[in-house]
Amino acid sequence: MLKQFLTLSGFFICGINAKSQTPEPMVVKVAYSFIHIIDKQQPDTLHNEELVLRIGKNSAVYGSYPFSAVIQPREEAPPPPSGGVTRVYTGRPMAVVNDWGITNWQLVQKPAEKQLTRYESVGLSGYEITEKFPVIKWTTNTLTKKIGEYTCQQATGTYGGRNYTAWFTSDLPFSVGPWKLNGLPGVILEAYDEKQEVFFLFKKIATAETGEITCNESFKPPVKVSNDALNKAKRAFDENPSGIVQAQSGVSGDVSMRFKDRRGKFHSGEAATKLLAEKIKSEKSVLKNPLELSK
Amino acid sequence: MRGIIQVLILLVYCNNLHAQLIFSGTVKDEKGAAIKGANVLLKDAKGLIIQFSNTGNNGYYDIIVSKALTIDGLLIEVKHISYETMQQPVEKNRLLYDFVLKEAVQSLNEVTVRQRPIVNKGDTIRYNVAFFAKEEDRTIEDVMKRMPGIDIAEDGTISFNGKKIGNLYTGGDDLMDGRYGAATKAIKKEMIETIEIIQQHQPVKVLRNKKPTDNIGLNLVLKDENSWKVSGLGMAGAGLPGLYTANLNAVMLNKKVKTINSVKANNTGEDYRSEIARLSLPGDNEQPVLSDILSSGTAGDPDLPRRNYYINNSGLVNINYLFKNKKDIQFRTNVQGFTDKQRVNYYNQTQLFTATDTIGYFEQLTMTRRPWQLNGSINLQANKEKYYLNNRTSLELGASGENSSLTTQSAVFSQQLTGRQFALGNEFHVIPALKTKGIMELTWNIHHARRPQSLFINDGLHVDLLNEGMHYQAMIQEAMVKVLQNNAHVSYLLIGQKFRQQYKLALLQENKQLESALTLAQNNGSWNKYRDDAGNNLYWNRYRASMSADYSWVKANRYEVSISIPVTLQHIRYRQEEYALSEKYNRFWVNPSLAYKKWINAEEYFSASYGYKNSLSDMHSVYRGVVLTNYRSLQANDAPLQEKSGHIAGITYSFQRTLQMLFLNGGLSFTSDRVNTLLSTRITNDIKRNVLLAIPNTRNSWQLQGGGSKYLYFLKATMSFKTNYSITRMQQYINEELIPVKFHSANGSVSLDKKLFNKVSLNYAGNYSYSFMKQQVKDGNKNNMQRLDQQLNSSFTLFKGLLFQVQVRNIYSRSNDGMAVNYWFADTRLRYPVKKWKMDLDLDCTNIANINRYELLRVDASFASMSHYDIRGRMLLLRVAFNF
């Protein structure tokens with residue numbers, strides 16, 4: 001059990017946190033520049049990140065796993081040799097805290113099933129949160145433009161208190177899009193809101209390499225929790241990351257903490273502690289202008 | 001009123017019907033099956049989408065549009081990734097449009113944006129060294145310690161997320177022959193570009209894409225594969241009282257040649273044997289074990305960290321060289337040379353309890369030990385697409401000399417124990433590439449080893465037993481064991497999705513020899529052999545053929561079942577002509593084992609296991625002639641080979657609630673061993689005489705264990721505990737009495753970890769153990785012992801990376817007769833990196849309380865002992881580490 005937990009933390013480190021349980025062969029993947037201007041007066045409150053939508057026939061996975069990475073199925077690890085002794089491992093994991101502008105969840109859209117699931121991890125544990133499947137009343141317009149190789153048509157719709165303009169292409173016949181924007185008869189390649197605060201801008205697109213799948217298989221099924229319970233765990237983690245990881249892994253002794261900033265650099269020691277305190281402070285201002293203004 | 005509403009609703013409804021047009025239909029494939037999730041588009045003449053919908057589970061769709069729409073030029077188009085796109089023009093007065101789609105191989109045009117992919121099979125994690133490195137870091141180990149998930153233990157063992165790595169590779173090659181501990185401390189951070197953690201590392205080319213291993217490989221990717229530059233690291237330190245430590249490393253790493261060499265010396269208690277030991281061994285090689293027969297004293301090592309009592313003066317040379325040609329043929333040689341001078345000083349009081357009597361011993365020993373060791377190996381490897389071949393030849397030479405003076409309750413004398421070691425071995429391993437899915441492996445190992453020993457005692461001890469009551473001057477006990485072992489196996493492994501099967505045929509042939517002679521120097525200066533027996537010249541032959549079939553089924557996160565049925569045929573023959581002894585054993589064994597694990601849910605599992613095992617003892621339990629294994633123990637055997645058969649069964653249950661951060665586990669296990677011979681001990685005031693007797697006897701043991709941890713939200717700290725309780729019943733045969741004995745032992749430990757103000761960390765660990773044993777006879781001896789070991793660690797990070805660590809440890813133990821020991825140890829450490837000079841300064845102060853002697857209590861049903869060891873007192877050491 002501990003081993004699985006510890007292995008899970010490897011994923012946390014790479015920035016692909018929890019994983020969907022049901023990867024499927026990928027058909028195409030789209031990278032977006034996600035920009036969220038939280039406060040126009042304060043330019044440093046900018047969330048700017050490359051997020052990737054990996055589309056399969058029945059589902060699409062949206063998260064921060066790098067575009068260049070080709071996910072292939074993990075070969076089934078051989079079962080332990082029979083008659084083997086239980087191994088006791090030494091060594092300890094680390095607590096890695098991401099800065100607020102780093103997406104550490106994956107959203108899995110299943111349009112045909114009308115399902116939307118978020119996979120997120122706190123410390124070493126993976127969690128599954130069932131989200132409400134968005135029903136967006138899209139209106140298609142007569143405007144078209146070319147994005148990449150694709151002719152896209154404009155549509156407008158409202159979601160989470162924001163009025164979005166979306167550009168979709170029916171040449172990619174999947175009813176998915178970045179984040180929770182979906183429901184058009186084609187992939188949404190670009191979307192932005194009326195207030196010019198949220199942007200999903202097309203960056204690049206690629207078809208699947210041999211054997212490429214939409215997401216990594218999970219080592220162990222994530223634990224189903226409610227959003228409130230998860231938020232409580234996240235708060236506790238930010239308050240004492242080392243302590244939580246230590247508790248989760250069951251190791252004794254000091255678990256050291258690393259802080260990953262928005263440029264991907266890791267900080268340790270005093271610097272990490274300082275950055276964590278700053279994160280907790282600045283997160284409050286981020287919450288003032290969230291992505292979803294209303295549920 | 002109700003009627004009016006109904007009419008109104010009807011009106012509105014009709015009105016809607018008038019204003020809307022509903023196109024509908026079903027979408028099916030050529031076999032008539034409904035296609036769900038297809039996009040249905042209503043397009044105008046310009047190809048723009050006016051309205052859209054998608055098909056449900058039954059393949060049905062509807063598109064609602066305003067009736068005002070002009071029908072001219074409209075199209076209904078159905079798109080699905082698995083099918084060819086189909087269109088139908090909208091006709092006047094037709095609302096139903098059914099579609100039958102043809103399957104398409106690839107309906108998506110190749111997208112233009114491409115880039116060289118980084119394939120992430122089995123989750124390779126790459127750490128960019130530049131991201132983690134800090135100015136003050138010198139070695140790659142310093143940087144690796146900062147990388148999340150990587151943990152490096154004191155002895156150099158690397159773990160990734162709690163699991164030990166299989167091996168460390170430099171530029172893809174295993175340079176260190178598994179002794180990688182020295183590599184990470186010698187390689188400069190500037191030489192390495194990235195560190196790759198390969199979760200399922202498969203270094204063998206023929207097995208790639210075939211055998212997913214469970215191994216984690218750690219690869220250091222070179223920054224410049226063509227560099228012929230030699231880089232160096234050094235460390236020098238000095239301290240009080242009279243302490244020194246130094247090491248120099250020279251490293252060169254490129255595509256063709258890789259070499260890491262180091263020279264080290266210290267007298268500060270640092271043990272280099274971890275650099276000589278192989279940290280990872282390839283495969284499950286069975287190597288013959290030869291244990292020494294003779295020893296200088298009877299006390300073991302104290303239960304303290306090794307650097308506290310290891311009083312040394314050691315030197316080490318470590319040379320590793322690897323050459324690879326373009327055809328993937330690799331040559332490697334590894335040589336280690338080690339010398340040491342150790343001082344051991346202790347005294348020891350032991351009481352042995354028989355059913356009627358208590359016998360006491362006293363032993364004081366002052367010893368100087370001078371061992372040396374030289375290990376060398378040559379490895380040739382061809383790692384090709386068609387086959388994998390590895391041959392390793394190794395030679396180990398060593399010797400040890402122990403000069404000691406001993407004081408016992410009845411004599412004061414000096415003794416010398418000398419020993420030599422010689423081992424030569426060859427390991428051959430081949431894996432051919434097979435066209436089928438299975439994997440075949442063949443290994444053949446030959447080992448030869450010799451260990452002669454000689455114990456000279458400068459006094460005539462045990463005159464009654466050894467020299468018919470006549471006084472004599474000195475004695476020499478000589479003993480020699482040697483072995484030649486041939487060991488080959490062929491295995492075939494087939495791994496399916498859920499089902500794994502392995503078949504293995506193993507053959508073993510072993511020749512061993514044990515020689516011993518006891519010679520006494522009489523008062524007149526003549527030497528004669530011990531008269532009562534003829535010493536030992538034992539020949540031992542063992543042949544074994546075993547076949548095993550192992551099966552396992554795994555359904556991830558549901559269950560795991562594994563069954564192993566090994567069938568073994570063993571033939572053992574041993575003879576000692578001087579005692580007219582010639583014995584033959586033929587044994588046929590089936591030793592099955594079974595394990596089952598069931599996941600109750602994602603956070604709970606239950607597991608159970610059972611195994612049955614047979615074994616035969618080694619030649620050490622059959623020699624007939626007397627051997628003086630130490631100055632007060634005579635050993636001889638008077639029994640057949642010890643045969644052991646036993647059952648082991650256990651159940652465990654694990655429970656966790658991650659959100660509450662609660663983890664609990666518990667288990668119960670039972671072991672029952674039956675042996676056909678019993679160790680009989682004949683005790684007199686001076687000597688303990690061991691004889692194996694043919695009395696069958698059983699040993700049963702129950703063990704109950706539990707543990708858990710919980711994160712305490714209000715304290716922001718983790719608390720964990722472990723407990724263990726066991727009962728063992730067995731029989732001891734002392735002075736011709738068979739005494740049943742019962743042991744109880746309980747053990748509990750608690751630990752608490754807490755961080756204060758983010759700069760101070762605190763860790764407390766406490767362990768309490770209680771053992772109780774009783775001889776199950778009238779007025780039988782009873783013993784109990786309690787031990788409490790508590791440790792508090794704290795570290796503070798002060799300004800500019802100055803680290804201050806304090807450790808306090810208390811050991812308290814007490815036995816039932818009131819003997820008690822209580823110790824306090826305290827260590828501090830100060831570390832400061834001087835960035836400007838690229839140096840690390842390190843100031844260590846250990847054993848601040850300056851405790852020079854340590855007492856250790858040991859209690860068993862038949863004995864109690866108190867040992868006093870000389871240990872290292874207060875030490876102050878300043879070290880400087882630098883690049884050159």
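Okay, one term before we start: buried here means under 20% relative accessible area, exposed means over 50%, and partly exposed is whatever falls in between. Keep in mind that this is a predicted model.

So, with that cut-off, take A:Glu120. Its relative accessible area is 2%, so it counts as buried. What does its side chain meet? A:Glu120 forms a salt bridge with A:Lys234, at 2.9 Å from N to O. The glutamate sits in strand β7 of chain A, residues 115-122, and the lysine in helix α2 of chain A, residues 227-239, so the pair ties together parts that lie 114 residues apart in sequence. A:Lys234 itself is partly exposed, at 30% relative accessibility.

Salt bridges with shared partners join A:Arg118, A:Glu120, A:Glu131, A:Lys180, A:Lys234 and A:Glu292 into one network.

While we're on that helix, a word about α2(A). It has 13 residues and spans 18 Å from its first C-alpha to its last, close to the 18 Å expected at 1.5 Å a residue. Which of its residues are buried? Those are A:Leu230, A:Ala233, A:Ala236, A:Phe237 and A:Asp238.

Now, how many salt bridges turn up over all chains? A search of the whole structure gives 40. I've picked a couple from chain B to show you.

Here's one: B:Lys185 and B:Glu141, with their closest N and O atoms 3.8 Å apart. The lysine belongs to helix α4 of chain B, residues 181-186, and the glutamate to helix α3 of chain B, residues 140-144, so to speak a link between distant parts of the chain, 44 residues apart. B:Lys185 is partly exposed at 34% relative accessibility, whereas B:Glu141 is buried at 8%.

And another: B:Arg853 with B:Asp870, where the closest N and O atoms are 3.2 Å apart. The arginine is in strand β48 of chain B, residues 853-859, and the aspartate in strand β49 of chain B, residues 863-870, so this bridge ties together parts 17 residues apart in sequence. Buried or partly exposed, these two? B:Arg853 is partly exposed at 39% relative accessibility, and B:Asp870 is partly exposed at 24%.

Okay, on to a sheet in chain B. Four strands make an open sheet there, in the order β3-β2-β5-β6, and the pairing is antiparallel. Which strands stand at the edges? Those are β3 (49-54) and β6 (86-89) of chain B; each has a single partner strand, so one side of each has no neighbour in the sheet. On average, neighbouring strands in this sheet are turned by 20 degrees against each other, ignoring direction.

If you want to look at one pairing, go to β5, residues 75-79 of chain B. Four bridges join it to β6(B), and the two run antiparallel. In that pairing, B:Ile76 stands opposite B:Gln88 in β6(B).

Last stop, the surface. There's a nonpolar patch of about 800 Å², made by B:Tyr596, B:Ile600, B:Phe606, B:Ile651, B:Tyr653, B:Leu668, B:Trp702, B:Leu704 and B:Tyr725. Which strands supply at least two residues each? That would be β32 (593-601), β36 (643-657) and β40 (697-712) of chain B. As for B:Leu668, you'll find that one in strand β37 of chain B, residues 662-675. Its relative accessible area is 32%, so B:Leu668 counts as partly exposed.

Technical notes. Residues numbered from 1 in each chain as written. Chains lettered and ligands numbered in written order. Predicted model: local features only at pLDDT ≥ 70, side-chain atom pairs only at ≥ 80, totals over all residues. Heavy atoms only, no water. Pairing = 2+ DSSP bridges. Axes fitted to C-alpha atoms, helices over the stretch in contact; angles between N-to-C directions. Salt bridge = Lys/Arg side-chain N within 4 Å of Asp/Glu carboxyl O. Buried < 20%, exposed > 50% of the residue type's maximum accessible area, 1.4 Å probe, protein only. Patch = residues over 30% accessible without salt bridge, like charges linked within 9 Å, V, L, I, M, F, W, Y side chains within 5 Å. Areas by Shrake-Rupley, 256 points an atom, 1.4 Å probe, with all protein chains shown as cover. Expected span 1.5 Å × (residues − 1).
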